[in-house]
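User: I would like a close look at one part of this model. Please keep it brisk.

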Amino acid sequence: MNNILLSTLIFLPVIAAALVLLLPNAYKDSFKWISILVSIINLLNIFTLYNTFDRKLTSFQFLEQYEWIRMGLGSLGTLSIDYILGVDGINMPMVLLSGIIFLAGSVASFTIEHRPKAYHALYLLLTGSVIGCFVALDFFLFFIFFEFMLLPMYFLIGIWGGERREYSAIKFFIYTFVGSIFILIVMIGLTMSVSDTFFSQELNTVVHTFDFRLLADFKNYISGSLLSPDNSQDMFGIPARLFAFILLLIGFGIKLPAVPLHTWLPDAHVEAPTPVSVILAGILLKVGAYGFIRIAYGFFPDIAFEYTHIVAGAGVLSIIYGAFNALAQEDLKKMIAYSSVSHMGFVLLGLSSLTAEGVNGAIYQMFGHGILSAMLFLIAGVIYDRTHNRLIENFRGLSSKMPLYTMAVTIGFFGALGLPSLPGFVGEFFTLMGGFQSKVLPDWVPMLATLGLVLSAGYFLWTLQKMFFGKFWVNRNHEHHMKDLDIREIAMLYGLAALAVIFGIFPNLIFDISGETVKLFLDKF
Amino acid sequence: MLEKLSHILFSTRLLLPELVFAGVFLIIVAIVAFSKKSHQSHNLYNTITISILITISFVFYVFLSFLEQYFDSGVMLFHNLIYLDKLGIFFKIIITISAIAVILHLWVVGYKVVGEFYAIFLALILGLFVLSMTTHLLMLYIALEMVSICSYIVVAINKSKSNAEAGIKYLLTGATSSAVMLYGISLLYGMTGTLNFGTQEFATFLGQNPQWVGNVAAFMTIGGLLFKLSAAPFHSWTPDVYEATPTPIVAFLSIAPKAGVIIVMIRFLSGLSIDFRLILAIVIVGSLFIGNLSALWQNNTKRLLGYSTIAHAGFMLVGLLALNQFGVQSAIFYVATYMCITLSAFLLVDLLALKTESYELTSLKGLGQENIFLGLSAVVIMIALVGFPPTVGFTGKLLIFTALWESYQDTGNQLLLVVLIISLLNTAISVFYYLKIPYYMIFKDPMGSARRYALDIPKRFFLFIFIFLLVYLFIKPDLVMTMIEML
């Protein structure tokens, strides 16, 4: 029962990061291999996890629970913070995704020449904290990982990024930090409103807890406390629970990012080095979505049910606004960044429908978008590596010189625009179906969202046509640089493409895992 | 008569550590007066000072458990002039520890200060000891003046022009706030007929006056305290003094007098029978905004830290605003952990200046690349100042905000929620300037040719202890909290 698999996933990279820091610079060629090795071990461990994961169970599995901090709060009782890790149908797909994306990212980091020691140490730290964030089942622990991942990210963008890296790094940091402050308020409020009834009796005092499982259950709320469901106290004229829910929407909405809180994302993406973009789009955005499902909807089902149309509205707005912006971009990477905004909107739409199809579809969309967006950013990285230029208009007819690359791009683009048998289709189809079936959303909401599909077909196909077809030409006489993919790039792009096809044809690989948990999740509404 | 004498004797016995301390002060004065000035003398003074400080902190620690056996909460000495309780002893330990760290800082970095400094330093500590064990307004004033006068001297002791300027500025603003404080004390005395603010009659009589009269008198009285705390609106001396004064002394001024003030504030506010929250909230909000917004424009690390202490003074008071048992505990926790953070921050700034010979931010360019340990330390210390996990700065902020939330939940007072939100907002603002230091050290490339900058073992070890504490206390905050809970 008390297996240490999940802890290994978190602490192996952290220990490896320390190792990289301690190794002298003479070994600097080995740092990237350490990264890759750790990512492979992690992925293998995650496969074990995935295979032994009991699909029938709705409770948390691979649970690890240790007492961490027990602190007396004087008149308020005791504060209990535990080290709890576990997976269920909601975070298991995310853990699987992190394993895949971090491996792809570490392979993509191969070309980093500038200060490799610091880079790989930070990369490994980021790995540990992102996985920790997904598997933590204690709000305090979750929050620590959630905040901590900002730091390596800040340095990764700020040191290894493009021209305006410093501006983007600080913008990214401030945005997400403000978001996490909103989450912090709710965390304090929740923990002050919830008591661990079992320990409270044992210790004969009120034990305030951060345990996700207890926070999600209404019977643990202290009657009359500010965030308890029976409380009618207002905060600035808004019911306290609604106030907390809105704070969470803003906090996780920044991370997701949902329009209009998305403005940090294009900057961060454009300036970040390729592997960091891959991680950012592939995994970090999903942390926001995960927070929506687990915390905003999971702990505030009553409010979420009533105000789910706000989330749906933000989702549809992101879908359409992101798509229109993507259509207007001249920079390939920026186009992909806005398409991310658009596709993450489907996650919100699916979740807000509060139907089994919608929520499962949202989880699937998170997974599928993770793989596809990682692929898309790698694609952008390929031409940037060769020409230091990403403007779409600078390239024409690449298909004749780079057939392997064109093939990969085609799979990636068609996957993202929703060709059946690829993940984009499955995710969008199920979230839209959820939207139409939903009893809480009017029909025009998913209808508007389908507009996003049309637009995404527009921008992806347009780009494909402009860059890859016609007579071969590259601006500024870079033609001779345009070699086709090397082995490393083939491994990354086709590896991800293979995964995209597998998960696109067999979506049950994800639905099997999430299904039971989602059923239980929806019982609350 | 005999009764009085025996009371005095009994009181003297309980104050024995302080008396011995005062004796050492006199011994140092004597040594300074009669010995020749030599280059080696500061080693001798360092040794004497550190041994007395270590001894006395140990004595206090023993005292902490001994006191409980004889007196359940606290004991009044010298006819109510001195109030000895565990809270006071705990704060005396905090003050002593920070003094030890400061002497180590002087030693490790190799400052050569004149012998008189040590004597005055001990007198300053003695003043803080008295400050942390009184509930008597007269004693409070005397202790505060003792602290102030000693501070003026240690600030100006280097005799350089900027030192003198800072010293004079400090003296003038300090004298003004003392005058304001005295006036406030006289008003309070007029209203209540007693000088002891811990007593029941003080509370009763004060409550009989109109709300705003009591508020004005109380505000004037704490004016002198706010000056020492460098809280708004008595903050204006802070940046200049911080910039001009030798760094170890600034490090001491940034924590020890503040700890002394916080304990007096705890005692004063809990005895206050009027609603003082609005004024306190204004002081907090003012300090936070003035500190954080002004720090944004600073190019000098010491000035930047000066404004940062103004902001942190606001955060310390947040715990007191909650005004319940947990609020007080969280404020004490904040002070105890802020001690580690601020001492390490000043140590870091000093170690950086050893290499760059300037406190300008731009001179830090690339230092973190030349010495990875310093770069990492800068990140840890600065995120601790922001209140970012995994450092103890986060735990401290979490606790004071929790206390404030709980107080809001109990009273439904919107003011508390507003302060909570403003202080959280200020945490976000502070990210901008705290991150500047690691930003220059790590992001910017070194100016000119990159040379390796190696620290010798004592410096590295000393800094490492701080870094370790900052992270370790985050993992195990209960170590400090259980101690605070017993007070």
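What is the mean pLDDT of chain B, and how many of its residues reach 70 or more? Then take me through the packing of α1(A) against α4(A), and the contact of chain A with chain B.

Analyst: This is a predicted model, so confidence comes at the start. Chain B has a mean pLDDT of 89. Of its residues, 98% reach 70 or more. Within chain B, helix α13 (residues 277-295) has the highest confidence, at a mean of 94. Helix α3 (residues 41-70) of chain B has the lowest, at 80. The model as a whole scores pTM 0.93 and ipTM 0.90.

Now the helix pair. In chain A, the axes of α1 (residues 5-22) and α4 (residues 116-135) come within 8 Å. They cross at roughly 165 degrees. Angles over 145 count as roughly antiparallel, so α1(A) is roughly antiparallel to α4(A). The crossing is left-handed. On the α1(A) side, the residues in contact include Leu6(A), Ile10(A), Phe11(A), Pro13(A) and Val20(A). On the α4(A) side, among them are Lys117(A), His120(A), Leu124(A), Gly128(A) and Ile131(A). By class, this contact holds 15 nonpolar residues, four polar and one charged.

Next, the contact between the chains. Chain A gives 28 residues and chain B gives 25. On the chain B side, the elements that supply two or more residues are α15 (325-356), α18 (392-411), α19 (414-434), α20 (436-443) and α22 (478-485) of chain B. That side of chain B divides into 14 nonpolar, eight polar and three charged residues.

Definitions and conventions: Residues are numbered from 1 along each chain as its sequence is written. Chains are lettered from A and ligands numbered from 1 in the order in which they are written. This is a predicted model: local features need pLDDT of at least 70, side-chain atom pairs count only at pLDDT 80 or more; totals for chains, interfaces and linings use all residues. Axes are lines fitted to C-alpha atoms, for helices over the stretch in contact, and angles run from 0 to 180 degrees between N-to-C directions. Helices (H or I, at least four residues) and strands (E, at least two) are DSSP runs, numbered from the N terminus. Angles under 35 degrees count as roughly parallel, over 145 as roughly antiparallel, 65 to 115 as roughly perpendicular and the rest as oblique. A crossing is left-handed if the near helix is turned anticlockwise from the far one by less than a right angle, and right-handed if clockwise. Two residues are in contact if their C-beta atoms, placed from the backbone, lie within 7 Å. Ala, Val, Leu, Ile, Met, Phe, Trp, Tyr, Cys and Pro count as nonpolar, Asp, Glu, Lys and Arg as charged, and the others, Gly among them, as polar. pLDDT is the predictor's confidence in each residue, from 0 to 100.
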